[in-house]
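Student: I have a structure open that I have never looked at before. Could you walk me through it while I ask things as they come up?

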Amino acid sequence: MRLNVTVNGEPKQADDVWEGESLLYVLRERLGLPGSKNACEQGECGSCTVYLDGVPVCSCLVAAGQAEGHDVRTVEGLADGDTLDPVQQSFVDAGAVQCGFCTPGLVVAAHDLLHRVPDPSDEEIREALAGNLCRCTGYEKILDAVRNAAATS
Amino acid sequence: MTRTVDGEHLVGQPIDRIDGPAKTTGGARFSAEHAYPGLTHAALVPATVSRGRITAIDTAAAAAVPGVITVLTHGNAPKLNPPKRPTPANLSTLVSGTQVNYLNTDEVHWDGQPVAVVVAETSHAAREAAALVHVSYERLPAVVDFAAEEPNAVAQKGNPVMPGSAKKGDADAALAVAPVTVDARYTTPQHHHNALEPHATTAVWQGDELTVHDSTQSITWLRKHLALRFGVPEAKVRVLAPFVGGGFGGKGFAWPGTIIAVLAARATGRPVRLLLTREDVHRAVGARTPSAQRVALGADTGGRLTALVHTSVTRTSRVGGQPEQVTAPAQHLYDATNIRTAQSQTTLDWMPNTSMRAPGDAIGSFALESAIDELAGELGIDPVELRMRNEPERNPIDGKRFSHRMLREAYALGARRFGWENRSPEPRSTRDGRWLVGMGVATAYHPAMQFTANVTVRLAADGTVTVRCGFQEMGMGNATVQAQIAADALGVPFEAVRVEYGDSALPASVMAGGSMQTSTVAGSVLAACGKLTRRLSTLARRTGMQGRTPTEILTAARVPFIDAAVGSDTRLGALAGQARMLAKVVRDQRTWAKAACGAHFCEVRVDADTGEVRVSRWTAAFDVGRVINRKTAFSQLRGGIVMGIGMALFEEALVDRRTGRIMNPSLSGYHVPVHADVPPIDIACLDEPDPTMPLGILGVGEVGITGVAAAIANAIHHATGSRIRDLPITPDKLVT
């Protein structure tokens with residue numbers, strides 16, 4: 001099937017999309033946007049988190065067809081040219097990045113949290129990001145990054 | 001953002017990592033993210049028996065799936081050179097995860113061994129077809145139950161770096177007459193690394209030239225290994241891994257996925273990408289061995305240790321694997337009059353075990369540091385005080401000097417920051433509503449090592465510096481800290497230094513493992529920068545430009561750049577380097593007991609009715625030598641602690657004792673800590689350089705996890721009065 005979807009503000013088309021294909025696959029393999037990561041394919045790790053019509057989803061659990069005619073925003077669509085989004089900059093500044101594989105999903109999830117709750121408590125941050133696994137950093141600096149981004153935005 | 005100012009040292013500053021923007025914007029490309037024209041996708045077919053022979057493989061249904069290019073089995077796959085037995089004399093043999101010649105044999109050695117691979121135009125087609133491959137087996141008797149095999153364990157042979165056993169005095173006789181004793185059995189399950197990035201390989205052959213993007217911790221050795229297996233000169237093989245999504249030991253060796261991807265690319269003549277599924281990551285990559293341990297302690301009534309016995313049983317495989325230095329902490333931590341350690345192992349029809357963060361030390365420290373806490377309880381002595389009464393002046397087992405040891409200072413600092421003096425001595429004496437509250441403590445300890453790396457450094461007349469070294473970056477921040485070190489050594493700004501890494505075309509480096517990459521590369525970078533500084537002085541004298549900047553000197557000398565190399569990648573140079581490296585390691589080993597150490601303090605809250613455990617507070621004070629970059633180093637230490645929390649409370653491969661099959665090969669079944677499981681973690685480092693290591697670095701990758709599970713078990717005992725000696729400490733163990 002042909003898929004029509006708006007990604008990061010631009011209308012995109014993908015052809016020969018298989019009915020069982022995930023939105024993550026379309027983004028990574030057909031639209032050249034491998035920023036969203038493929039790490040568990042069952043919605044456990046959050047590495048593939050993207051916005052679908054402004055709502056964060058695990059794109060590995062969304063069938064590509066469900067995105068037909070909808071709006072997707074990925075980690076590649078957060079920065080303004082070379083200027084990082086405040087959440088991205090905050091992750092860099094706080095040292096919340098190590099191997100970087102969980103980072104894109106966490107950045108999107110944190111971006112969404114701050115959009116909904118501009119000044120979250122530590123418990124709210126931990127709970128909101130509990131669906132995004134990180135095996136490297138020990139999480140502490142990710143919290144710092146979200147706190148700092150909340151304070152500066 | 002932290003940036004240098006003139007005259008200030010960069011080493012020691014919390015500089016932002018240089019790859020931060022690439023990783024937060026999705027710009028960093030990992031091994032499964034390289035596009036090649038005509039790229040194909042591969043999927044593995046796992047064996048469903050634990051030992052046997054393949055009698056037939058029916059690939060007709062798989063081959064009929066639209067998009068399938070080929071199905072490779074032992075019947076039609078290209079021939080591969082078999083792996084050689086591991087020997088330190090040939091580094092290429094050391095990274096072979098197993099001794100199996102994949103798709104070149106009809107023998108099956110473990111449940112999950114890949115027995116076929118499907119190559120297709122899309123990953124969907126490959127996976128669908130892989131599920132349709134039908135394999136018939138002749139089953140052979142298999143030994144897969146670790147617990148049942150424990151009585152048949154045989155003593156480890158050991159080697160100069162890792163002795164299988166050690167002895168001082170007569171610990172068993174001393175134990176028999178000691179007035180106060182603890183003698184207990186501790187068990188730990190199989191743990192999986194579960195780095196967020198599943199192992200991935202993109203392999204491209206052009207004639208007999210091979211390019212491989214692989215999520216490896218060992219670029220140089222993997223290159224040698226692939227050259228050996230595929231019968232091509234090393235110069236024709238290039239391994240690239242600038243970004244690796246976490247490793248923790250799980251990407252140190254060449255596992256089946258890498259070899260089979262390269263094989264499939266050779267068979268099809270097309271580029272192949274093989275991305276392991278999370279299930280493959282559990283079934284086709286080695287894991288941390290389970291263990292059964294005994295720790296027996298004898299002390300006088302004043303708390304002086306007279307006897308320390310630590311024995312262990314672990315598992316390896318008939319087709320590979322390695323011994324684990326489970327009892328190593330017992331050789332270094334306590335000044336016991338008599339010590340006996342002994343390691344033994346079983347050999348199973350299983351995926352070989354492999355290194356996982358602090359191999360041996362992580363699980364051994366759980367048993368030893370739990371037992372010390374038990375002894376403190378028997379004696380009625382505070383567990384910190386008991387440790388201080390037994391803190392050695394020299395390495396307990398052999399009297400070697402410590403190159404540097406500040407464990408007393410780490411304990412004092414940690415206790416102060418944590419508020420240890422507020423702990424009531426009695427177990428189950430603090431309650432907060434439904435929560436029972438307890439505090440626990442344990443020692444962290446990990447040996448420090450330095451190997452050798454080849455490095456070239458170029459200083460150009462425009463003031464820029466280029467460091468070239470084939471080290472690996474899995475998130476530790478090595479590129480950032482080596483830039484700090486080079487900038488300091490040459491007196492240039494941080495931004496002037498570019499570090500090239502993650503490519504086997506660069507000067508050969510060590511693997512990332514054993515917490516020794518940063519110190520090893522730093523040693524060579526410093527040596528190369530020293531050479532450049534001397535050449536620069538000569539040029540300055542010659543041109544009358546003493547005291548001027550490098551740019552002014554090189555411009556005056558009309559030299560566009562100067563290079564300095566440490567080590568050589570020629571065949572002779574590599575052999576010489578290897579000999580130098582082994583000599584240095586052995587010499588160091590004979591002279592010094594060298595390690596990073598620290599003290600973990602934690603508070604837990606245990607639900608009195610359900611047994612739910614929450615870790616509510618953590619302080620860790622470390623002696624890791626000099627800290628080059630607080631931001632990256634502390635993050636590594638915290639990550640180690642969080643992995644230790646997982647080890648203490650959640651992580652366990654559930655294994656079918658009849659077949660040896662892992663029953664929870666997913667992130668929904670194998671639980672790792674999430675944000676909501678983790679408390680604020682306070683880290684402090686003494687930041688005192690070790691006098692025998694480059695810049696005084698002792699390594700931070702592994703020491704963080706050691707002792708963590710014991711600190712939690714000890715805190716749970718303090719909270720509840722229940723002593724759990726079997727990991728993970730799940731609620732069922734606390735409510736029965």
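**Where the two chains meet**

Tutor: Let us begin with the interface: the area buried between chain B and chain A is about 4,300 Å², and carbon and sulfur atoms give 57% of it. Please keep in mind throughout that this is a predicted model.

Student: Which residues of chain B lose the most area to chain A?

Tutor: Those are Thr24(B), Leu196(B) and His675(B), which together account for 20% of what the side of chain B buries.

Student: And how many residues does each chain bring to the contact?

Tutor: Chain B brings 58 residues to the contact, and chain A brings 52 residues.

Student: What about salt bridges, how many does the rule find across the interface?

Tutor: The rule finds five salt bridges between chain B and chain A. One of them joins the side chains of Glu33(B) and Arg28(A), with a distance of 2.8 Å from N to O.

Student: How many residue pairs are in polar contact there?

Tutor: Across the interface of chain B and chain A there are 19 residue pairs in polar contact, counting those in which both residues have pLDDT 80 or more.

Student: Which elements of chain B give two or more residues to that side?

Tutor: They are α1 (20–24), α3 (123–132), β13 (272–275) and α17 (630–649) of chain B. The largest share comes from α17(B), which gives seven residues to the side that touches chain A.

Student: What is that side made of, by class?

Tutor: The side of chain B that touches chain A has 25 nonpolar, 20 polar and 13 charged residues.

Student: Which strand does β23(B) pair with, then?

Tutor: It pairs with β20 of chain B, residues 455–460, in the antiparallel sense and over six bridges. Within that pairing, Thr456(B) has Ala565(B) in β23(B) as its bridge partner.

Student: Why is Ala63(B) called partly exposed?

Tutor: Ala63(B) is called partly exposed because its relative accessible area is 44%, and that class lies between the buried limit of 20% and the exposed limit of 50%.

Student: What is it in contact with?

Tutor: Leaving aside neighbours within four places in sequence, Ala63(B) is in contact with Val68(B) and Val71(B).

How values were computed
Residues are numbered from 1 along each chain as its sequence is written. Chains are lettered from A and ligands numbered from 1 in the order in which they are written. This is a predicted model: local features need pLDDT of at least 70, side-chain atom pairs count only at pLDDT 80 or more; totals for chains, interfaces and linings use all residues. Side-chain values use heavy atoms; hydrogens and water are left out. Contact means heavy atoms within 4.5 Å. Buried area is the accessible area (1.4 Å probe) that two parts lose on being put together, summed over both. A salt bridge is a side-chain nitrogen of Lys or Arg within 4 Å of a carboxyl oxygen of Asp or Glu. A polar contact is a pair of N or O atoms within 3.5 Å; within protein, one must be able to donate a hydrogen and the other to accept it, and residues adjacent in sequence count only if both atoms are side-chain atoms. Helices (H or I, at least four residues) and strands (E, at least two) are DSSP runs, numbered from the N terminus. Ala, Val, Leu, Ile, Met, Phe, Trp, Tyr, Cys and Pro count as nonpolar, Asp, Glu, Lys and Arg as charged, and the others, Gly among them, as polar. Two strands pair if DSSP finds at least two bridges between them. Buried means under 20% relative accessible area, exposed over 50%, partly exposed in between (1.4 Å probe, protein chains only).
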